[in-house]
Amino acid sequence: MERRDLQIFLTLCDELHFGRTAERLHVSQARVSQTIKQLERRIGTALFDRTSRRVSLTPVGERLRDDVRPAYEMIEAGVARAVAAGRGMAEPLRVGFTSPLAGELVMAAATAYREQHPAAGEVLLHETALSDPLGPLRDGTLDLVLAQFPVMEDDLRTGPVLISDTRVLAVSTRHPLAGRSWAAYEDLATDKVLTLSGALPAYWLDHLIPPTTPAGRPVERGQEAATRQELLTLVGAGRGIHPTAAHEARYYARPNVSYVPFCDAPPLEYGLVWRACTETSRVRAFADAAENVVRRHDGPTNVCSDCR
């Protein structure tokens, strides 16, 4: 029996319907019928009972199914492992994330990746430092990072937006803005804005903390922080304010920090980033899996609301 014959036979055993079997295997219904007839002639007896209303296995068909399925699955698994190894899929994939929600999406993408590529290697997850999210890519520690955009580096490539979230302003509960239902971009000029230290591109920081308000008032940057915990400690102590993504209010709730929604700020967006020189089949497959996860949530904005 040819491998394709076995595939058609076993799929028909599962579906018990010639039309659905043809659709599942992307062949014509005539091809399915012809293959089964040839198998029955070769074996010398019917494998299926067919009526106008139903298809069922004969006792011989049931025995053949039970005998050949384990061997067929072993062959398929072996071929998949060989293909994966040939394409580099069998190697572990190291994926970083820069925020808790990004971490949740990476975990969901890892599950989808392994489901779509059973012979692929393990997906190893790592949180990257707030002060240097792209460094582990460049030194080869990670293969991909789900990072906050924009990323405009000649040696790096980016995928589509996977998370889009509204911005909020983190302030001390004693701050005058803490009692308001919303904040405006102009409010950034009313206090020092805590910033981040480390190897962060200037354009990235300017996107997070604009140098001026829409009216042209200068935004004064205050003390630098290397970690979120350090940043929120400074906010809670009244050392300054800081704009961030709305989903972080869930993960970093503190009794002395309030998160005030912006009414006029563009969203913060996140997507996968990888080195241009290492765009392997594994990297592309994982990026596709992440896009599929977002598609199931009806778009990047809904990923935030569905994961909360």
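**View 1. Helices H1 and H2 make a right-handed crossing.** Here, right-handed means that the near helix is turned clockwise from the far one by less than a right angle, and left-handed that it is turned anticlockwise. Please keep in mind that this is a predicted model, in which local features need pLDDT of at least 70 and side-chain atom pairs count only at pLDDT 80 or more, while totals for chains, interfaces and linings use all residues. Residues are numbered from 1 along each chain as its sequence is written, and side-chain values use heavy atoms, leaving out hydrogens and water. Helices (H or I, at least four residues) and strands (E, at least two) are DSSP runs, numbered from the N terminus. The axes of H1 (residues 3–15) and H2 (residues 18–25) come within 9 Å and cross at roughly 130°; axes are lines fitted to C-alpha atoms, for helices over the stretch in contact, with angles from 0 to 180 degrees between N-to-C directions. That makes H1 oblique to H2 (under 35 degrees is roughly parallel, over 145 roughly antiparallel, 65 to 115 roughly perpendicular, the rest oblique).

**View 2. Five strands form an open, mixed sheet.** Their order is E4-E3-E5-E12-E6, where two strands pair if DSSP finds at least two bridges between them. Strands E4 (123–127) and E6 (156–165) stand at the edges with a single partner strand each, so one side of each has no neighbour in the sheet. From one strand to the next, the twist averages 20°. E3 (residues 93–97) pairs with E4 in the parallel sense over five bridges, and Arg 94 has Leu 124 in E4 as its bridge partner.

**View 3. Helix H5 lies across the sheet strands E3, E4, E5 and E6.** H5 (residues 100–116) runs at about 155° to E3. H5 also packs with H10 (residues 281–296) at about 115°, their axes 8 Å apart. That makes H5 roughly perpendicular to H10.

**View 4. Phe 9 and Phe 48 form an edge-to-face aromatic pair.** Their rings sit 5.8 Å centre to centre, with 65° between the planes. Rings of Phe, Tyr and Trp (its six-membered ring) pair if their centres lie within 6.5 Å; planes under 30 degrees apart are stacked, over 60 edge-to-face and the rest tilted. Phe 9 lies in H1 and Phe 48 in strand E1 (residues 48–50), so the pair ties together parts 39 residues apart in sequence.

Technical notes: Contact means heavy atoms within 4.5 Å.
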